[in-house]
Amino acid sequence: MNRYTILVYTENFIGILNRITIIFTRRGININALTASESRLDGIHKITIEVTVTPEQIEHLVKQIEKVVDVIKAYYFMDDEVVYQEIALYKIPIASLDPSLEKVIRQFNAHIIAAEKEFVVLEFTGHKEDTQALLEILKPFDLLEFSRSGRVAIAKPRFSVQEFLNNQT
Amino acid sequence: MVRGADIVVKSLIAENSEYIFGYPGGAIMPVYDALYDYSDKIKHVLTRHEQGAIHAAQGYARVSGKVGVVLATSGPGATNLITGLADAQIDSTPLVCITGQVAAHLLGSDAFQETDVVGLSMPGTKWNIQVRRVEDIAPAIAKAFHIAKTGRPGPVLVDITKNAQIEFGEFNYVPCLNVRSYRPYQPINQDAVTAAAALIDTAERPYVLYGQGVVLAHAENELKAFLDKTGIPAACTLLGSGALPESHPNYVGKLGMHGNYAPNLLTNKCDVLIAVGMRFDDRVTGDLQRYAKQAKVIHLELDPSEIDKNVKCTVPILGDCKKSLSLLTEAVSQKSHETWLERFRELEGQEKEAVVSNDLHGTHGGLHMGEVIHLVNKFKEEDAILVTDVGQHQMIAWRYFDFKTTRTQVTSGGLGTMGFALPAALGAQLNDYKKQVICVVGDGGIQMTIQELGTIMQTKAPVKVVLLNNNYLGMVRQWQQLFFDKRYSFTELDNPDFIKIAEAYSFKARKVTEREDLEAAVAEMLVQEGPYFLEVVVEKEDNVFPMIATGCSVEEVRLS
């Protein structure tokens with residue numbers, strides 16, 4: 001099993017996300033993380049899916065995704081073929097603030113992005129392993145809440161969805 | 001300005017749809033109201049259940065090659081289509097289904113007969129859409145037709161809210177010719193053709209497997225030309241039957257669980273396997289770990305997701321097989337494979353002796369299903385269409401029916417939908433009243449959609465129904481006998497008087513229990529002008545052989 005990033009370029013069509021996720025559901029494959037947003041190209045959405053599967057499964061999944069009528073193109077990459085990041089937010093009670101926490105914040109280069117009467121919110125961006133490490137450290141500080149995004153990714157190999165669309169016959 | 005409902009009907013007419021198979025209800029009533037004014041331009045067939053409507057549309061689409069059109073209301077009307085959608089999806093049948101939906105402002109409110117049809121039908125459609133505004137109706141229908149019929153065909157669903165049907169808009173139909181995210185046809189890679197030709201030219205025991213892809217691509221002549229030139233033996237899948245006349249010298253039989261002996265057995269003896277428009281279904285391959293491992297595989301296939309899905313191939317040739325077959329025929333050398341073909345013929349002899357003669361020429365005991373099909377062959381017209389349901393009768397009819405021309409078989413292959421045959425036969429018959437449509441069905445399956453006898457009565461479609469009655473869910477019983485210690489758990493049926501039912505629906509009907517009456521009855525049925533219902537009481541505990549049991553290899557095909 002390998003960890004893969006699938007990049008899917010789609011039309012902005014209601015239900016497209018469901019059409020893609022049921023491909024995984026039907027095969028009993030868990031999606032580790034998923035993010036969807038607009039892409040660089042007007043009207044084209046980009047869905048980033050992180051999944052841990054076998055090489056045969058990833059081939060099969062990506063072909064099934066490309067078969068969806070409103071999918072323009074789908075690609076898959078190994079971790080070393082993409083640059084990726086995940087953002088994490090940590091909610092910590094004011095009462096837990098002490099010098100040792102300051103050390104952690106400095107060490108991780110995390111940011112306090114909100115301060116309320118009862119709590120502060122820390123923001124830290126990195127790979128899952130990094131945000132997870134910070135999470136483990138913060139747990140003893142009575143961490144109130146934690147939230148981590150799916151990965152956003154840029155592929156290292158060159159490909160162009162625009163070119164693909166231009167070549168349409 | 002016209003109503004949205006008129007736009008629906010005008011769009012269907014613009015797509016040259018001949019028939020709508022449907023059933024009215026609240027959320028689709030504006031379209032039904034509009035239909036009232038267009039009965040001279042498009043015919044509506046009122047089935048007795050929405051499942052009947054969609055299976056009829058499938059039958060129509062399969063024999064005509066055109067898009068089958070279905071109309072149903074929201075909620076239960078739409079959910080009753082689901083089986084047919086799944087069936088059409090797995091068997092690549094082009095359909096456009098239009099469902100009514102509650103008014104847009106009621107969506108998500110659990111309104112009367114509201115259900116999430118787009119969500120429910122998503123896994124069973126090639127594409128679907130909900131239309132909430134009148135101006136979106138015609139473009140959605142145009143796109144639906146384009147997607148349904150191009151590339152690998154499939155079912156498409158357009159869900160139209162009631163407000164969009166009632167609102168007024170302009171009608172200006174622009175057929176859809178291109179969807180930018182959708183590439184139905186892949187360009188053929190000439191290098192792959194060259195590589196495949198080299199493999200074929202040096203092969204000692206090449207073997208062609210063809211499926212419904214040949215029919216869908218209208219590539220029957222190209223297949224024949226390829227086989228004529230190369231002399232390669234060819235076997236068909238269930239849905240590929242008819243793509244090549246069975247009298248063709250290279251035709252060696254049928255593949256799969258209940259196919260012929262030689263075609264299955266010798267799959268593991270060929271050195272180059274050429275798969276054309278087929279998808280290596282598990283019913284064809286048996287245990288994949290022991291399937292054609294010795295062979296180099298060439299796969300001619302339209303759908304990229306089928307390549308390497310079940311069987312890893314050496315040379316994939318993506319694209320329309322009508323084109324790829326002709327390119328391949330040009331690239332290969334003229335050859336013959338008489339010795340190799342002879343091996344098929346020898347094994348065919350063994351199958352004849354062990355299975356076929358008894359199946360077709362019973363002398364004592366109960367009637368065999370095969371005897372009925374054998375007599376049907378004797379009296380049927382050359383281009384008669386066989387429509388079957390699912391189970392023992394389906395396999396027997398497929399095995400013994402004499403397929404002479406293309407698009408002469410309609411059956412539920414991938415999904416195995418009991419209840420498919422009767423409505424599908426109606427649809428097949430409506431495409432051409434003059435063609436002989438023979439609907440072979442079991443006593444289990446017919447009772448799943450028996451109400452469609454009413455639609456046959458109303459349309460006066462001259463369907464010939466052949467009910468092979470063994471008072472069992474025969475195929476399940478066969479499995480119980482072979483694999484579950486003869487524990488016949490809930491497979492025996494107390495059946496009604498089918499003749500009375502058929503007569504109540506104005507069919508001319510006849511029941512045969514004795515061997516000596518069978519021939520005259522079949523003959524009578526096939527000269528009858530109108531619909532005819534022939535019930536044949538057959539042996540209760542007959543089995544279908546050859547058989548490849550689940551989990552077994554094609555090599556383990558058994559004759560008894």
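Where in chain A is the place of A:Asp142? Hold that thought for a second, everyone, and have the structure open. One thing before we look: this is a predicted model.

So, the answer. A:Asp142 sits in the loop between helix H4 (128-138) and strand E8 (145-148) of chain A. In A:Asp142, which is not a glycine, phi is positive, near 55°. Is A:Asp142 buried or exposed? A:Asp142 has 11 inside 10 Å, so it counts as exposed.

You will find A:Asn109 in the loop between helix H3 (99-108) and strand E6 (111-115) of chain A. With 9 C-beta neighbours inside 10 Å, A:Asn109 counts as exposed.

Let's zoom out to the whole of chain A. There are five helices and nine strands in this chain. The C-alpha atoms of chain A fill a box of roughly 65 × 35 × 30 Å along the principal axes. Of the 169 residues in the chain, 24% are buried. And here is one about contacts: if you take those in chain A between residues at least 6 apart in sequence, 77% of them join residues at least 24 apart.

How is chain A divided into domains? Domain 1 takes in 2-80 + 152-158, and domain 2 takes in 83-148. Between the C-alpha centres of these two domains of chain A there are 30 Å. UniProt, in an unreviewed entry, places a feature called "domain: ACT" at residues 5-79 of chain A. That span is 32% helix and 44% strand, and its end C-alpha atoms lie 7 Å apart.

Now, how does chain A meet chain B? In this model, 17 residues of chain A are in contact with 15 residues of chain B. On the chain A side, helix H1 (16-26), helix H2 (55-67) and strand E4 (71-78) each supply at least two of the touching residues. H2(A) gives the most, with five residues.

Over to chain B, then, and to its records. An unreviewed UniProt entry has "domain: Thiamine pyrophosphate enzyme N-terminal TPP-binding" covering residues 3-118 of chain B. The span is 41% helix and 18% strand, with 23 Å between its end C-alpha atoms. Further along, UniProt places "domain: Thiamine pyrophosphate enzyme TPP-binding", also from an unreviewed entry, at residues 389-536 of chain B. Here the figures are 39% helix and 16% strand, and the end C-alpha atoms lie 16 Å apart.

Next, please find a sheet in chain B. Six strands form an open sheet with parallel pairing, in the order E11-E10-E9-E12-E13-E14. Strand E11 (251-254) and strand E14 (315-318) of chain B stand at the edges with a single partner strand each, so one side of each has no neighbour in the sheet. From one strand to the next, the twist averages 20°. Take E14(B) and its partner, strand E13 (residues 296-301) of chain B: they run parallel and are joined by four bridges. In that pair, B:Ile298 stands opposite B:Val315 in E14(B). Helix H14 (residues 321-331) of chain B lies across strand E12 (272-276), E13 and E14 of chain B, running at about 135° to E13(B).

What about the inside? In soluble globular proteins, nonpolar side chains tend to be buried together. The largest nonpolar core here has 206 residues, and B:Val387 is among those that touch the most other members. Helix H7 (residues 137-149) of chain B brings the largest share of this core, eight residues. Beyond its close neighbours in sequence, B:Val387 is in contact with several residues, including B:Gly59, B:Val410 and B:Cys439. There is also a second, separate core of seven residues, including A:Tyr90 and A:Phe124.

Most peptide bonds are trans. The bond from B:Phe545 to B:Pro546 is cis, with omega near 0°. Look for B:Pro546 in the segment after strand E20 (532-537) of chain B.

How values were computed
Residues are numbered from 1 along each chain as its sequence is written. Chains are lettered from A and ligands numbered from 1 in the order in which they are written. This is a predicted model: local features need pLDDT of at least 70, side-chain atom pairs count only at pLDDT 80 or more; totals for chains, interfaces and linings use all residues. A nonpolar core is a set of buried Ala, Val, Leu, Ile, Met, Phe, Trp, Tyr and Cys residues joined through C-beta atoms within 7 Å. A residue is buried if 20 or more other C-beta atoms lie within 10 Å of its own, exposed if 12 or fewer, and partly exposed in between; C-beta atoms are placed from the backbone. Two residues are in contact if their C-beta atoms, placed from the backbone, lie within 7 Å. UniProt positions are given in the numbering used here, feature names are shortened, and annotations may be inferred rather than shown by experiment. Two strands pair if DSSP finds at least two bridges between them. Axes are lines fitted to C-alpha atoms, for helices over the stretch in contact, and angles run from 0 to 180 degrees between N-to-C directions. Domain bounds come from an automatic or database domain assignment. Lists of a residue's contacts leave out its neighbours within four places in sequence.
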